[in-house]
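Please keep the sequence and the 3D view open as you go through the points.

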Amino acid sequence: MLRRRIGGPTGPLASALSLGTLPFGTTVDEETSFAILDRFVEAGGTLLDTADNYAFWAPGGTGDESEATIGRWLAARGPALRDQVLISTKTGARPTVPGTGLETAEGLSGPVVRKAAEDSLRRLGTDRIDVYWAHIEDRTVPLEETVEAFDALVRAGKADVLGCSNHATWLTERARATARAAGMTPYTCVQQRYSYLQPRFDLGLPETAHVHVTQELLDYVRGEADMTLMAYSSLISGAYTRPDKPLPEAYDHPGSVRRLAVLGEVADELGASVNQVVLAWLMAGERPVIPIVGASSVEQLEEILGAVELELPGELKERLDTAALGPAAA
């Protein structure tokens with residue numbers, strides 16, 4: 001599988017596609033989770049994305065499940081496998097009161113970041129986190145305190161690359177500037193919601209904690225050589241292909257109609273699925289995006305893996321780009 005450096009020109013090599021493991025241990029059982037992980041690695045995939053709160057909202061979920069499932073898989077497959085994969089996990093959005101949501105999120109204070117990292121390392125059964133993320137903003141804590149806590153993990157060898165997810169672009173830049181000014185490790189990855197279809201920004205997404213990629217963020221990433229953009233909800237929870245998964249209201253506008261028509265035409269011409277074309281488009285950008293895609297079966301994963309080998313000729317990519325940038329997208 002194609003590799004890309006993340007977090008700058010000296011960062012680790014990661015697969016061009018990341019496996020999202022959010023449902024592992026809750027809505028996807030352990031046997032199936034292990035089979036998906038095995039197939040992803042067999043296909044050359046290396047980047048596994050999780051968090052310390054996946055999936056607390058599932059029936060019986062606590063937030064431990066995804067990390068703990070990956071930890072048991074690593075233990076079952078032997079120590080050599082750990083050096084073949086990159087583990088990406090997050091802190092900041094785990095509820096502190098059972099039965100509640102983000103209103104009691106742990107946040108990004110220094111003590112919380114330090115403890116959360118130790119807890120994640122224990123669940124994962126590893127001594128390091130390859131990409132460690134501030135999962136959501138926490139404007140109640142001085143930025144310097146958060147930046148210092150993440151930097152201390154890097155200096156201790158417990159984290160390598162740092163990133164922020166669901167942050168405003170200005171806050172991402174302020175955090176990076178704060179780190180650089182103090183000689184500390186800056187965020188060099190950003191993870192936001194992003195796909196081929198674009199939502200209206202005057203309507204909220206159904207997942208209220210999600211922050212969508214903006215043109216400002218794309219412009220920022222293009223101008224920062226050390227920044228890597230990763231995209232979650234790349235397939236909008238199956239809405240491209242599943243009749244039982246209608247598009248959220250924010251995507252209901254003329255621009256989506258035009259994009260979907262062009263997307264279908266390109267998929268037909270390539271003999272590929274719509275999902276594969278969406279992922280190929282993300283990976284073929286001027287600054288390629290690393291899509292984070294979940295699967296609940298090996299069969300679903302096989303379709304996803306097909307996107308990595310899909311070549312998107314220049315003329316077809318231009319058609320997709322033109323549809324995406326047309327006037328009705330506003």
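1. What share of the contacts in the protein chain with a separation of 6 or more comes from residues 24 or more positions apart? The share is 74%. Contact here means heavy atoms within 4.5 Å.

2. A word on the basis. This is a predicted model, in which local features need pLDDT of at least 70 and side-chain atom pairs count only at pLDDT 80 or more, while totals for chains, interfaces and linings use all residues. Residues are numbered from 1 along each chain as its sequence is written, and side-chain values use heavy atoms, with hydrogens and water left out.

3. Overall build. The protein chain has 10 helices and 10 strands; these are DSSP runs (helices H or I, at least four residues; strands E, at least two), numbered from the N terminus. Its radius of gyration is 19 Å, close to the 20 Å that the globule rule gives for 330 residues, so the chain is as compact as a globular protein of that length. The radius is taken over C-alpha atoms, and the rule is 2.2 Å times the number of residues to the power 0.38.

4. Burial. Of the 330 residues, 56% are buried. Buried means under 20% relative accessible area, exposed over 50%, and partly exposed in between (1.4 Å probe, protein chains only).

5. Helix α4. This helix covers residues 143-155. At 1.5 Å a residue, its 13 residues should span 18 Å, and its end C-alpha atoms are 18 Å apart, which agrees. The expected span is 1.5 Å times one less than the number of residues. Its buried residues include Leu-143, Val-147, Phe-150 and Asp-151. Among the elements covering them are β5 (86-91), α3 (110-124) and β7 (159-165). Just after α4, Gly-157 takes a positive phi of about 80°.

6. Thr-188. Look in the loop between α5 and β8 (189-193). Thr-188 counts as buried, at 9% relative accessibility. Leaving aside neighbours within four places in sequence, its contacts include Gly-7, Val-161, Arg-176 and Asp-226.

7. Backbone points to check. Most residues other than glycine have a negative phi, and most peptide bonds are trans. The bond from Tyr-54 to Ala-55 is cis, with omega near -15°. Ala-55 lies in the loop between β4 (47-49) and α2 (65-77).

8. Two serines. Ser-233 has a positive phi near 55°, and Ser-237 has one of about 55°. Ser-233 is in the loop between β9 (228-232) and α7 (254-270); Ser-237 is also in the loop between β9 and α7. Buried or partly exposed? Ser-233 counts as buried at 19% relative accessibility, whereas Ser-237 counts as partly exposed at 48%.
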